[in-house]
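Welcome! Please take a moment with the sequence and the model below, and then we can walk through them together.

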Amino acid sequence: MPSSRSLAAFIGIALVGIALTACQDQASGQIVARNGVRLVETVSNPPIHGCHRFPEGVTHVENRTQSNLGLYTTPDCTVPPGGQSNYLDIGQSSQVARVTGPWRSFSFAPE
C-alpha cells in the first residue's frame, strides 16, 4: 500500500503544478520593439491581459514570448475603420508595411 500513497501524492502534486501554470498572468519571455534599427523598448514577462502601449510608434517587433500577439496601429488595441491588425505568432518577428504606419500597441491573442 505505501507505493499507492506515493503515487497518489505524486499525481496530486503534478495536477497542482499543471493548474498553476495554466493560470499564469504573465507571458514568459520578451517582446523587442524597434523603430528602424533603433531599440525602442524591450518588455520582459508582460501581463497577458489588457492592452500594452509602445512609448512611440515601432516598425519592427520580435515576439520572444510563449504567447501569440496582436499588433495595432492605434494606442488602444483597436482596429480603425478600414484598418487592420497584425497577428504575430510565438517566436516570430514582423516588420510594418509602409502603408499601415507604425504599430502603437499590442495585446495577447486568446489561446
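**A guided walk through the chain**

Let us begin with a cysteine: Cys-51 counts as partly exposed, at 37% relative accessibility (partly exposed lies between buried, under 20% relative accessible area, and exposed, over 50%, with a 1.4 Å probe and protein chains only). Before going further, please keep in mind that this is a predicted model, in which local features need pLDDT of at least 70 and side-chain atom pairs count only at pLDDT 80 or more, while totals for chains, interfaces and linings use all residues. Residues are numbered from 1 along each chain as its sequence is written, and side-chain values use heavy atoms, with hydrogens and water left out.

Which residue does Cys-51 join through a disulfide? The partner is Cys-77, with an S to S distance of 2.1 Å; a disulfide here is a pair of cysteine sulfur atoms within 2.5 Å. Cys-51 sits in the loop between strand E2 (38-44) and strand E3 (52-58), and Cys-77 in the loop between strand E5 (69-72) and strand E6 (86-88), so the pair ties together parts that are 26 residues apart in sequence. The link is right-handed, with 85° about the S-S bond. Cys-77 is buried, at a relative accessible area of 15%. A search of the whole structure finds one disulfide.

Now step back to the whole chain. Along the sequence, the pattern reads α-β-β-β-β-β-β-β-β. Of the 111 residues in the chain, 32% are buried.

Six bridges join E1 to strand E4 (residues 60-65), and Gly-29 stands opposite Thr-65 in E4. Six bridges also join E1 to E2, again in the antiparallel sense, with Ile-31 opposite Val-43 in E2. E1 and E2 form a hairpin with two residues between them, and Gly-36 in the turn has a positive phi of about 70°.

Another open sheet of four strands runs in the order E3-E8-E5-E6, with antiparallel pairing. Its edge strands are E3 and E6, each pairing on one side only, and the twist averages 30° from one strand to the next. E5 and strand E8 (residues 103-108) pair over four bridges; the bridge partner of Tyr-72 is Ser-105 in E8.

Finally, how confident is the predictor? The average pLDDT of the chain is 82, and 75% of the residues score at least 70 (pLDDT is the predictor's confidence in each residue, from 0 to 100). Among the elements, E2 has the highest mean pLDDT (96) and helix H1 (residues 2-22) the lowest (53). Over residues 15-22 pLDDT stays under 50, and the model has zero contacts there beyond four places in sequence; contact means heavy atoms within 4.5 Å. Where pLDDT is low, the predicted coordinates should not be read in detail.

Technical notes:
Two strands pair if DSSP finds at least two bridges between them. Axes are lines fitted to C-alpha atoms, for helices over the stretch in contact, and angles run from 0 to 180 degrees between N-to-C directions.
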